[in-house]
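Here is a short briefing on one protein model. Look it over first, then read the points below.

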Amino acid sequence: MSRLVEQSLESLNKSEFIFHDNRTLEVRNAVIIWTNFQGKANRFGNTTKNFNLVINEDVKKALEADPNKEFTIHSIGGEGTEDPIMYFINIKVNMNSAYPPAVTLFTDFRGVKSRTCLDDTTIECLDRINIESADCIINLYESKMHPGKVSGYLRKLNVIQNKES
């Protein structure tokens, strides 16, 4: 099992998932991996800002519960081994929408605490920091162009940066 999967699954035990309705998911102590807040083009040329949210088995089942809605859930591990499986979903970060997500970074440097609201140009700093903890609210959006296809969009994200020595 890779170190990332091991650390993510260990941290996942502290996460709390709350479905407010069938369209909103709140995550406390979220485990965020493979961030692309910069919107750097991937191998397919997609420049969408996004991150991956590690979820547990219960959330996976809840997202798969409606057979008329398709939510893409990725997994790592477990194939032919006794290693545990890590599930994760991709969350889009649309900073240029009519209602962009509220993203706040909390830091503590040499005893001075600060809070910074991030925008489209400053959010990319989240790709370079060590995240101590994160709380987020995700909107589960069903596309009008592709009925039944559901995507996760970030509505709110509070990040506490890990103190660095």
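Is Lys69 buried, partly exposed or exposed? Lys69 has a relative accessible area of 32%, so Lys69 is partly exposed (buried is under 20%, exposed over 50%, partly exposed in between, with a 1.4 Å probe and protein chains only). This is a predicted model: local features need pLDDT of at least 70, side-chain atom pairs count only at pLDDT 80 or more, and totals for chains, interfaces and linings use all residues. Residues are numbered from 1 along each chain as its sequence is written, and side-chain values use heavy atoms, leaving out hydrogens and water.

**Salt bridges**
- The structure holds seven salt bridges (a side-chain nitrogen of Lys or Arg within 4 Å of a carboxyl oxygen of Asp or Glu).
- One of them joins Lys69 to Glu142, with the closest N and O atoms 3.7 Å apart.
- Lys69 lies in the loop between α2 and β5 and Glu142 in strand β10, so the pair ties together parts 73 residues apart in sequence.
- Glu6 and Arg3 also meet in a salt bridge (3.6 Å, N to O).

**Helix α1**
- Helix α1 spans residues 3-12 (helices are DSSP runs of H or I, at least four residues; strands are runs of E, at least two; both are numbered from the N terminus).
- Val5, Ser8, Leu9 and Leu12 are buried there.
- They cover an arc of only 95° around the axis, which puts them on the same side of α1 (the arc is that of the directions from the helix axis to the C-beta atoms).
- The face turned away carries exposed Arg3 and Glu10.
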